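This report describes selected elements of a protein model, moving from strand pairing to a helix and a nonpolar core. The sequence and structure are shown first.

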Number of protein chains: 2
Amino acid sequence: MTTARPAGSTVKVAAVQSAATDDRDQNIHRALDGIARAAEAGAKLVCLQELFASLYFCQSEDPALFALAEPFPGPTTDAVAAAARRHRVAVVSPFFERRAPGLFHNSTAVIDEDGRILGVYRKMHIPEDPSFYEKYFFTPGEATALPAAGESVLSQDGFGMFRTRSAAVGPLICWDQWYPEAARIVSLLGAEVLCYPTAIGWLAHEKDELGEAQREAWEIMHRAHAIANGVFVVAANRVGTESSIEFWGNSLICDPFGRVLARGSTSESEVLVAECDLSLIERTRCDWPFLRDRRIDAYRGITSRFLGGRPGSP
Amino acid sequence: MTTARPAGSTVKVAAVQSAATDDRDQNIHRALDGIARAAEAGAKLVCLQELFASLYFCQSEDPALFALAEPFPGPTTDAVAAAARRHRVAVVSPFFERRAPGLFHNSTAVIDEDGRILGVYRKMHIPEDPSFYEKYFFTPGEATALPAAGESVLSQDGFGMFRTRSAAVGPLICWDQWYPEAARIVSLLGAEVLCYPTAIGWLAHEKDELGEAQREAWEIMHRAHAIANGVFVVAANRVGTESSIEFWGNSLICDPFGRVLARGSTSESEVLVAECDLSLIERTRCDWPFLRDRRIDAYRGITSRFLGGRPGSP
């Protein structure tokens, strides 16, 4: 973007927070209903939650679960694209992608308000923890632009910014949100709104001790990405208990100063909508000009696994 | 560090938050008194505030102010080193450094509890805003280790980790704290405690509108660095009004989960002390293993100024 957004360049942004069931049609219906409700409230960009078409199936390493995957584009993106076109709203639309035999991704399409799919972002950072066995299911991915992508931009090594008619969207997924590098690169690509479809929750045996600290840490990271980069951030997280995970909701939308514009409840299905003045990005970045002073000559260490160790050791 | 810290490897860490005057001796005295009080409370590591020996002089571009600078080592580091040795406590000790004629830095020494100076870190990210004219005064710097540095480690391009007897310290200064890159690199160097001497405050004309958001953003960034890297973070900020800036205090110490262990008031001089269990670093990083999943193959964009722009443009 070479010209500044004028003051008052507001766009309503939404996050759909929902409980999931083992009925795919019902999950899709809830997402489409969320899109309709968001559009009715004036939203021009909607972020759906990670893997919304199914339960969070990564709680067991069962090869039968690969049958849940679908191609890109596929039935889920088709259904959402139709809803996007019908309601004139852009959608960040996650799905479980079967890219080739034995090659699966945790993906999200970015669909413009005319229903055209701009591209797909395939989750780059893949977690693997008790009850979150994602390294079994998902190959680490990268962003790919489709012909409709227009003025979207991809980094040389996997991240992407997709320019919808209302805003430049930076799609990232769940575990990505713990990595300042991801938020930074997507922001440098020109994203105005970082969107994080998410599935995060509590495990019963540690909730008492760590639950509130975990939820708070999760929120702080989103807000820090907004502040460090001067962008809006949206996270859509599911609710409800599925097997051993109590998904904690708390979807949020925050502004470039890290101020929370909307925050979901811990357990209710709901559609969050917030008015985002995109000209605040310019103002915030000029007031506290962090991007001006980055020491790009001094960050090579970021591409290292570790820099410490005892002197003389490799 | 190649072996894990055993559970219960606690060390008390302190931040000295103080008002400053135009009397250098009095400012030094207050810092030394803060060191003594911290040590009396059991602290083994103390973080002093940025440029504590003077008022925050960067509010006007007056060349006469360069006379405030001193060599490294110099009278301020000598006085603090003597106090460190006397009280057996390591100190992160900022000063205005005259490195050569016309070459000045915003620096901090890292002094071990035996009074030996391990090295100096010279602020890498230099701000320049109304009433914070630091680009006039300070050349961007880098870390340098002295012979006493022992198992300290420097990055190839400016950051440093200094291993005191109690903890591996990552010194950074004020504006550095808005850059996740700096916190990441210092953590990858092996730092266990990031220390941010700071001088940040409110300008009267914007305090009503932005004051609370600014202070909160500042705190969020520190906590996010702790979370993203699984390290302790200490920030020491001054209090009191000097010319057009009301320094907001709120010094803080937080744990690797971003939980605030101690927080200073907005306007009082005080010494914060918190017990930090360094084994929590290992536990936190194993519970949520962010360092495991960094995509070091995909972060080259971090060393770019900008990655966006219209397709086809350079």
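Two strands are taken to pair if DSSP finds at least two bridges between them. The model discussed here is predicted.

**The sheet in chain A**

In chain A, seven strands form an open sheet with mixed pairing, in the order 7-8-9-10-12-15-16. Its edges are strand 7 (153-154) and strand 16 (260-263) of chain A, each of which pairs on one side only. Strand 7 of chain A runs antiparallel to strand 8 (residues 160-163) of chain A, and two bridges join them. Within strand 8 of chain A, A:Gly160 is the residue that stands opposite A:Leu154.

**Strand 1 of chain B**

Strand 1 (residues 10-17) of chain B is largely enclosed by the rest of the structure, because six of its eight residues are buried; buried here means under 20% relative accessible area. This strand 1 of chain B pairs with strand 17 (residues 270-277) of chain B and with strand 2 (residues 43-47) of chain B, as the table sets out.

| Pair in chain B | Sense | Bridges |
|---|---|---|
| Strand 1 and strand 17 | antiparallel | eight |
| Strand 1 and strand 2 | parallel | four |

Opposite B:Val13 stands B:Ala274 of strand 17 of chain B. On strand 2 of chain B, B:Ala43 is the bridge partner of B:Lys12. Strand 1 of chain B, helix 1 (residues 24-40) of chain B and strand 2 of chain B together make a β-α-β unit, which is right-handed.

**Helix 5 of chain A**

What kink does helix 5 of chain A contain, and where is it centred? The kink is of about 80° and is centred on A:Leu210. The end-to-end span can also be checked: at 1.5 Å a residue, the 26 residues should span 38 Å, and because the end C-alpha atoms are 35 Å apart, the two values agree. Just after this helix, A:Gly230 adopts a positive phi of about 65°.

**The largest nonpolar core**

The largest nonpolar core holds 98 residues. Those that touch the most other members are A:Phe159, A:Trp178, A:Leu194, B:Phe159, B:Trp178 and B:Leu194. For A:Leu194, leaving aside neighbours within four places in sequence, the residues in contact include A:Gly170, A:Ala183, A:Val186 and A:Ser187. A:His225 is also in contact with A:Leu194, as are A:Val231, A:Phe232, A:Val233 and A:Val234.

Note on methods. Residues numbered from 1 in each chain as written. Chains lettered and ligands numbered in written order. Predicted model: local features only at pLDDT ≥ 70, side-chain atom pairs only at ≥ 80, totals over all residues. Heavy atoms only, no water. Expected span 1.5 Å × (residues − 1). Bend = angle between axes of the 7 residues up to and from the residue. Buried < 20%, exposed > 50% of the residue type's maximum accessible area, 1.4 Å probe, protein only. Right-handed = clockwise from strand over helix to strand, strands pointing away. Core = buried A, V, L, I, M, F, W, Y, C linked by side-chain atoms within 4.5 Å. Contact = heavy atoms within 4.5 Å.
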